[in-house]
Amino acid sequence: MTAAGGYAAAWDLTRVLSPRPRVRLADVDERDGRPLNRYGTELPTSASAPDRPWAMYLTDRQGRYRLLAFDLDTSRGSVEADAAALTEILARAGIRAVRCISGPGGGRHLWVGLADPVAATVVRRIAEALSALLPTLDHGLLVNPRTGCVRPPGAPHRSGTESMVIAGDIADLTDPARRVPAAWVLRLADLVEEMAGVTAAETAARTGRVVTAAVATDHTPTDLQRRVALDDDGQPFLPGARRPMAAVSAAALREPVPAGADASRVLARILAGAAAAHWRLADLVPLVATAPGMEHVRTGRAGGRRQPRPPGQQVQVLRAQWNRQVEHVASQPRRAGAAAGDPTFEARELAAITAVMTVQRRADSAPGRWARPGGPTDRRVLDALCDQILAAVATDIEADCRRLAILTGIAKSTATVALGRLVADGWITRTGESEGRAAARWAIPTVVERPQAELSTGDPCLPRSQAVTRRPAPPSRASVRAALGRRLTDQAHDVWTPAGLGHHHARTHTALTSTAQTISDVMAITGYSRSRTMRHLDDLAGHRLASVDRAGRWRRPGRDHRRRAARDFGIDGTLAARAARYAIEREAWWWWLDELAWRRAGKRQQRLSPGAGQMQLVAAGGQLIREHHGPHPTSGGRADFTAARTYLTSAASSRRRAS
C-alpha cells in the first residue's frame, strides 16, 4: 500500500464529509499484512491518515442520512449504462452527483451531498425502487442506516488503487450551500417509485405476479404502500389526516407501566399506533412529561431502578424510537378502504388530485395570465401549492412564504406578493392565519367544470345512444407530483433569478423539449408575442440553453448548461445561499418563541431548562428543538433578530468546521 501521506488529501476530505466522528478501517490478513474486504474496526477522524482502506458511514449517530452513495457492481452487469441512467434520473429531480470509479474492477460510486438530514425510511424508498430499475445497484448500504458505509472519494482500495472521481464537482459534497435539500430527496423518492411502478406493471404482465411500488410481493392487488414524508424538523411521518390512535395504543399511553414490565415495549406500542394514525413526532412531545406510557423516554433502568434521563437523552430516545416505528409501520402492507385503518384516504386522495388537475387545466388554458408582469412567479407559487396539496393528501394546507420561496426559486417577499395576487384573482383562498410556528393555510377553491368528453367503450357500430361510456381515470398522485416537480426544479435555478436571465425566460425555456417546436408552438404555450418569444429564444441560444435547426424549429440541447450560464452571470449559488439564510431566519423566530414560552413558564420549569448548547424538548407548540441557545438577544425589551441571526450563523459555521 502507499504510505499514509499519499492519502492525506482523501483523509482531509473524509474529515469534511463524514457524518460521524469515526470511520471503519479495513482488517488486515495476519499472514501477509494485506488489507481484507472486511471493515471490523473503527478509527477516529481526528487520527492521522491510515495506510489502508477505510469506509465512511452515510448516516449520523441518530441514523439520519447525511450522504447518499449508490454502489454499482460490475459483477451484476453493465455499470456504465446504469451509471448513465442513474445520473439522468437524479438530474430529473434536480440533483447532481459526483461519479467515481471505485476500484480496479471498474465499479461505480455515485455520491450525493445532503443539505438536511433525511430519514432512513425515505432513503429506503429510493433504494428499493432503484433496485428494480438498475440491475447493478447494490442497495444494501442504503437500507442499513446503522452500519452501512462505503469508501469515500480518494480512499484506497485493497488492491492498491483508489476511488477516483471521473465526473461531477466535489464541491457539491463539501459546500453546504450546494448540497441537496431534503425536499428534493422526497421528490426523487416519488419519481423513482413512479418509474419503478411502470417496470413493476410490465413484470407482473409477464410473470403473473403482483408487484407494487418496485417491491415484489405476494399480497393481493388491493394492498397499498405507505409513503413517508418529512416534517419541518426533518422527522419522518406518514402523510394523512391525523386521527385517534388505536385503542390498544391509546391505553398504553394513558395507563402506568406495570411493575417489572418492559417500558420500551410499551413505548413501541404507543409510537407504532401514533405513526399508523398519522401523528407526527411534534404531536408526542407535549405528552412526554405527563403521559404514564412515556416512562421509557423519561427514565432509564439503572441497577434495578429507573433513573431520570437528562433532557438531551430524552430527545435522542424519543427520536430514535419514533424513526424505528415509522419505518416499521411504513414497511407493512395494508389493505385499501376501511381495512387500511383510514377509510377516508382514497376519497381525500381523489379530492386532492381532482382539485389540482382542475386548477392546472385552468392555468394551462390561460397562458396570457402568466405572461404578464409577475405572472411567472405567480404560476410557480400556484404549482408549489398544488405539489404540497398532493403531498399532504388534503385540499387545505399550511405553507409559509419562505418554504414557497425555496421550492420556487424566488424571494420570500416575491412569494408573499404572488400569494396576494393569486387570492385576488380567485386561484387560491386563504383559510387560516399564521400563528406561532404554524404558517398560514391555503386552499384551492372548488370550481365546477364543464363535463369533459367521455370515452366510448361500446361497439362502434352501435348507435351513440346504445354505447356504454365512462370517464377517463384520474392520473396517479405520484405522476402529477413528478410532473409538477420537474417544472419547479427546472425553473428554480440561479440562472432564472433577476440578476440572470429572469423569470420570463424561464417560462420560455420550460416550454421547450427535446422535440423540435415552431415559434408558434412556443407562443401557444407561453402566451408571449412573437417578438418577445424570439428575443427569449435568442437569449437562451446565446447561453446554449436552446438550439434551432435549419427549418427554424427550436428544442432544448442534449446537455443542461444552466449552471454554466449562471457562472457566466456570476450568480452560481444564489438560491442555495438564500435557502441557508432563510433557515437561519426561521431558527431565529423559533428561538424567540421558545424565549416567550420560557418567560410564561413557572419558576420550577425555568430552573429545569437546559443550558446553552444542550438538547431539549419543548412542550409549547409541540415542537422538537434540537439545540437550546440560551436567552434570545433583546434590545430595549424587544427581540433583536439581527443579533440572533448573527449568533446562529456563527454557530452553524462552527458546526460545519467541527464536522
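A residue counts as partly exposed when its relative accessible area falls between the buried limit, under 20%, and the exposed limit, over 50%. Trp589, with a relative accessibility of 37%, is therefore partly exposed. The model described here is a predicted one. Its protein chain holds 23 helices and 28 strands. Of its 659 residues, 46% count as buried.

**The chain as a whole**

- The accessible surface of the protein chain is about 30,700 Å², and carbon and sulfur atoms account for 52% of that surface.
- Among contacts in the protein chain with a separation of 6 or more, 67% are between residues 24 or more positions apart.

- Strands of a sheet pair through backbone hydrogen bonds, in either a parallel or an antiparallel way.
- Strand 4 (residues 65–72) and strand 6 (residues 108–118) run antiparallel and are joined by 7 bridges.
- Within this pairing, Tyr65 is opposite Val118 of strand 6, and Leu68 has Val112 of strand 6 as its bridge partner.
- Strand 6 is mostly covered, with 9 of its 11 residues buried.
- Strand 5 also pairs with strand 6, through 4 bridges in the antiparallel sense.
- Cys100 is opposite His109 of strand 6.
- Strand 5 and strand 6 make up a hairpin, with 6 residues between the two strands.
- In the turn of that hairpin, Gly106 has a positive phi of about 90 degrees.

**Aromatic pairs**

- A pair of aromatic rings is described by how far apart the centres are and by the angle of the planes.
- Rings pair if their centres lie within 6.5 Å, and by this rule there are 3 aromatic pairs.
- One of them is formed by Trp370 and Trp427, with ring centres 5.0 Å apart and planes at 55 degrees, so this pair is tilted.
- Trp370 belongs to helix 12 (residues 367–371), while Trp427 is in the loop between helix 15 (412–424) and strand 19 (429–432).
- The two tryptophans are 57 residues apart, and their pair links distant parts of the chain.
- Trp370 is buried at a relative accessible area of 1%, and Trp427 is buried at 7% relative accessibility.
- Another pair consists of Trp589 and Phe641, whose ring centres are 6.2 Å apart and whose planes are at 40 degrees, so this pair is tilted.
- Trp589 lies in helix 21 (residues 574–600) and Phe641 in helix 23 (residues 641–658), so the pair ties together parts 52 residues apart in sequence.
- Phe641 has 27% relative accessibility and counts as partly exposed.

**Arginines**

- Arg20 has its charged end over the ring of Tyr57, 3.8 Å from the ring centre.
- Arg280 lies over the face of Phe237, 3.8 Å from the centre of that ring.
- Arg535 is in helix 19 (residues 530–542) and is partly exposed, at 46% relative accessibility.
- From C-alpha to C-alpha, Arg535 and His505 are 9.2 Å apart in space, and 30 residues apart in sequence.

- Most residues other than glycine have a negative phi.
- His278 is not a glycine, yet has a positive phi of about 70 degrees.
- His278 is placed in the loop between helix 7 (263–276) and helix 8 (281–284).
- Is His278 buried or exposed? His278 is buried, at 6% relative accessibility.
- Val393 has a positive phi too, near 55 degrees.
- The loop that holds Val393 is between helix 13 (375–392) and strand 18 (396–398).
- Val393 is buried, at 0% relative accessibility.

Key
Residues are numbered from 1 along each chain as its sequence is written. This is a predicted model: local features need pLDDT of at least 70, side-chain atom pairs count only at pLDDT 80 or more; totals for chains, interfaces and linings use all residues. Side-chain values use heavy atoms; hydrogens and water are left out. Rings of Phe, Tyr and Trp (its six-membered ring) pair if their centres lie within 6.5 Å; planes under 30 degrees apart count as stacked, over 60 as edge-to-face and the rest as tilted. Buried means under 20% relative accessible area, exposed over 50%, partly exposed in between (1.4 Å probe, protein chains only). A charge sits over a ring if NZ of Lys or CZ of Arg is within 6 Å of the ring centre and within 35 degrees of the ring normal. Contact means heavy atoms within 4.5 Å. Accessible areas come from the Shrake-Rupley method with a 1.4 Å probe; for residues, only the protein chains shown count as cover. Two strands pair if DSSP finds at least two bridges between them.
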